[in-house]
Amino acid sequence: CHPLAYRGPSEGWSAADATMGHSGSVLARLQRLHPAALSIRARLGLIQFLLLVALGTIAIVAFEGMERASRATALLSTLSDAQRFHLNADMMHDALRADVNAALRVTDNDSAASGAVVTRAREHSRLFEANLTAMANLDLSPELHQDIESTHRRARAYVVAASELVLTATRNHERAVELEDKFNTAFDELESANEIVTQLLVERADEAERAAAAADAAARTLIVISGILTALIAWSVVSVLARSIRRSLRQVSDAARALAAGNLSARSEIASQDEIGELAGAVNKMADDLQVMIDRLVADADRDAFATQLMQALDMADDEADIRGVVGRAMTQAGSTLQMELLLADAASGALQRAVEHPLNGAAGCSVDSVSGCVAVRRGTPVVFDDSNALNACPRLQGRPCGPVSAVCVPIGFMGRSLGVLHAANASRKTPSEQQVALLTALGTQTGNRIGTVRAFERTHMHAYTDALTGLSNRRALEQIIETLGSATPYAVTIADLDHFKRLNDTHGHEAGDRALRMFADVLRRCVRQGDLAARWGGEEFAIVFPRASAAQAAEVVARIRAELADVVLVSNALPVTASFGIADSTMGATFDEILRAADTALYHSKNSGRDRATVGTRSALDAARS
């Protein structure tokens, strides 16, 4: 039987109680489950399964109830048939008695009546036997079968007695009268047995009717109770599953709202690889992508801010010394944990020299000695080395006292011309980050641009204020120096002129004249003091300015110049070159033009006095020249 089947009045609802206890244990097990560990498909499938189980339970209970009602109805029907057969047999019992009575009244010479009685008796006996046999074949209880079987034995004896009496009465009336007592005894016994069977059948029919009614009521009650219990269990489990689905969705939605509010660290827990897990993974990936994008934007903003500040700082650097100071400060921002150095090529030799090193961490210690010896310069792009022991690492990174290193080399250049390299190093396998490489690249690029610009400006300035033949300053440069001195600073001026220079050109050619001019310029550079300025004034004339000096002090320098020139001519077997000098100072005039005229007057005096000499001008000589 089904566990929810009704066991009868004596057992009551014990099976239903057991079912409720079983459902309680099921609920307890369900409470220990973790639905979030199941996928959405599994949870929905479980809900569908529970609904099927609920429908199946109700169907089984209904079927069981109907089965019990059907069995009770079938039993009631069987008992009704038994009552009908028993009633028919009882009627045949009475009919046979009537046949016996009719046979006893028939006279011996009335053969027709005797035949009719015998025929009726035989038919009634047959029907009696048929009803008895049909009732014996019914599916009745063993107790009832036993009583029926006992009644049937008496009935058969009664039928035999009745048949015998009818036949005897038709043949020998006296003998039939003698057998009547035996027949009456069988009739009475059968009558008593029939009453017992009748009473049993009535009782059993009443019981079967009551059982059928009880089974029908029990079936209805079980269907209602099982439906309620099944609905409660299904509702409980579905509620748990639905709550888990809502909780999973709420977790994803909370993470999405937190991300929308700007909390990029919010993540959704992926409890299962289902649709919600895929959604949570998509939200987390979106958060990761947003974080990467924002980190990149922040890094770009930091790099742009660094580049902007660096550009502004370098724009305020007027010379390479200022540039080196800016680069040193920028190194602490671009690589606070790195050793770093800026190597610049010497303008004359092209050899790399350390111009700047990291103010806090020191130099990286690169041994490259020329621009062409740096692989980053040759490639024209920043190069990153993760480990100096790697096969493709720069050889100059190996053998350092600190052991294996990682490094970044950024070429320094300007308009296609290599100026040097920015070199940064760190411990092995601790390669500078992508952001640090970007900052170093910006530092190297802007430093190269500024150094190249300053050097180009200096070259332009030098060309504008330098005599191309001798390498000395030209007249424009000397006049600017005089302007910077002002009237408050005393100074002396000397005008020098190569003797017989035109004759030298005419005799030995202009090339010899150019050599003489360059030789005299070299003598001036070697003999003038620190801070003095020697310039080619024009043609074969030269001018020398002595800041914070008197004419007498200038004369001492001129004496060294004349001696040095004589030694150079003697030692080098060069063409005999001499020079005449005129000396004046700021006490001899209120303006530079007046002082220059005083020096020029003194020069003419040296020329007129035989050349190859120096003359110090005087105020009176200047006045005489004016007059």
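Reader: Which residues of helix α11 are buried?
Author: In this predicted model, the buried residues of α11 (residues 501-508) are Phe 501, Leu 504 and Asn 505. Buried means under 20% relative accessible area, exposed over 50%, and partly exposed in between, with a 1.4 Å probe and protein chains only. Helices are DSSP runs of H or I with at least four residues, strands are runs of E with at least two, and both are numbered from the N terminus.

Reader: Why do they line one face?
Author: Down the axis of α11, its buried residues fall within an arc of 95°, so they line one face of the helix. The arc is taken from the directions from the helix axis to the C-beta atoms.

Reader: What's exposed on the other side of α11?
Author: Lys 502, Arg 503, Asp 506 and Thr 507.

Reader: And what covers the buried residues?
Author: The cover includes β6 (491-498) and α12 (510-527). Contact means heavy atoms within 4.5 Å.

Reader: Which residues of α11 and α12 meet?
Author: From α11, Phe 501, Leu 504, Asn 505 and His 508. They meet His 510, Ala 512, Gly 513, Ala 516 and Leu 517 of α12.

Reader: At what angle do α11 and α12 pack?
Author: About 135°, with the axes 6 Å apart. Axes are lines fitted to C-alpha atoms, for helices over the stretch in contact, and angles run from 0 to 180 degrees between N-to-C directions. The two helices are therefore oblique to each other. Under 35 degrees counts as roughly parallel, over 145 as roughly antiparallel, 65 to 115 as roughly perpendicular, and the rest as oblique.

Reader: What follows α11?
Author: Gly 509, with a positive phi near 95°.

Reader: Switching to sheets. What is the strand order in the one with β6?
Author: That open sheet has five strands, in the order β7-β8-β6-β9-β10, with mixed pairing. Two strands pair if DSSP finds at least two bridges between them. β7 (533-538) and β10 (614-616) are at the edges with a single partner strand each, so one side of each has no neighbour in the sheet. From one strand to the next, the twist averages 20°.

Reader: How many bridges between β6 and β8?
Author: Seven, in the antiparallel sense. Thr 494 has Ile 544 in β8 as its bridge partner.

Reader: Which helix packs on that sheet?
Author: Helix α13 (residues 551-572), touching β6, β8, β9 (579-585) and β10. The direction of α13 makes about 165° with that of β9.

Reader: Now the core. Which residues touch the most other members of the largest nonpolar core?
Author: Leu 478, Leu 498, Phe 520, Leu 524, Phe 542, Ile 561 and Phe 592, out of 51 residues. A nonpolar core is a set of buried Ala, Val, Leu, Ile, Met, Phe, Trp, Tyr and Cys residues joined through side-chain atoms within 4.5 Å.

Reader: What is Leu 524 in contact with?
Author: Leaving aside neighbours within four places in sequence, Leu 472, Ala 534, Phe 542, Ile 544 and Ile 561. Another core lies apart, with 39 residues, among them Leu 79, Met 92, Ala 186 and Ala 205.

Reader: How many helices and strands in the chain?
Author: 15 helices and 10 strands. Of the 627 residues, 42% count as buried.

Definitions and conventions
Residues are numbered from 1 along each chain as its sequence is written. This is a predicted model: local features need pLDDT of at least 70, side-chain atom pairs count only at pLDDT 80 or more; totals for chains, interfaces and linings use all residues. Side-chain values use heavy atoms; hydrogens and water are left out.
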